[in-house]
Amino acid sequence: MRDLYVKALAEGILLNPGNIYAQESDRYIRISYAYASLTDLKKGILKMSQIIRELVKC
């Protein structure tokens, strides 16, 4: 989860790991999108999917 957070942040994508909301939620994320346009949201989700795919390969 930490690697995903760091890599996403480096790409300008803000997400919060689930464990900051509940101790046993370390397999979830929350994407912050209040100020993002729909276009930016779509780009961010696509980039996150690429990051996740890269991390799964490791």
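Me: Ok, what is the mean pLDDT, and where is confidence lowest?
Reply: The mean pLDDT (the predictor's confidence in each residue, from 0 to 100) is 85 for the protein, and 95% of its residues reach 70 or more. Confidence is lowest in strand β2, residues 29-31, at a mean of 79, and highest in α2, at 93.

Me: Why should I care about low values?
Reply: Where pLDDT is low, the predicted coordinates should not be read in detail.

Me: What pattern does the protein follow along the sequence?
Reply: The pattern is α-β-β-α, which comes to two helices and two strands. Helices (H or I, at least four residues) and strands (E, at least two) are DSSP runs, numbered from the N terminus.

Me: How many residues are there, and what share is buried?
Reply: The protein has 58 residues, and 19% of them are buried; buried means under 20% relative accessible area, exposed over 50%, and partly exposed in between, with a 1.4 Å probe and protein chains only.

Me: Let's zoom in on Ala8: buried or exposed?
Reply: Ala8, which is found in helix α1, counts as buried because its relative accessibility is 0%. Leaving aside neighbours within four places in sequence, Ala8 is in contact (heavy atoms within 4.5 Å) with Ile13, Leu15 and Ile51.

Me: And how far apart are Ala8 and Ile51?
Reply: Their C-alpha atoms are separated by 7.3 Å, although the two residues are 43 residues apart along the chain. Ile51 also touches Leu4, Lys7 and Glu11, not counting residues up to four places away in sequence.

Me: What about Lys57, buried or exposed?
Reply: Lys57 lies in helix α2 and counts as exposed because its relative accessible area is 74%.

Me: Switching topic, what volume does the largest pocket have?
Reply: Its volume is about 210 Å³, where a volume is the space filled by probe spheres set on grid points joined across faces, edges and corners. On a 1 Å grid over the protein atoms alone, where a 1.4 Å probe fits, a pocket is an open set of points with protein on both sides within 12 Å along at least five of seven lines, and lining residues have an atom within 4 Å of a point.

Me: Which residues lie nearest its centre?
Reply: Of the 15 lining residues, Gly12, Ile13, Leu14, Asp40 and Gly44 lie nearest the centre of the largest pocket, and helix α2, residues 38-57, gives the most to the lining, with seven residues.

Notes:
Residues are numbered from 1 along each chain as its sequence is written. This is a predicted model: local features need pLDDT of at least 70, side-chain atom pairs count only at pLDDT 80 or more; totals for chains, interfaces and linings use all residues. Side-chain values use heavy atoms; hydrogens and water are left out.
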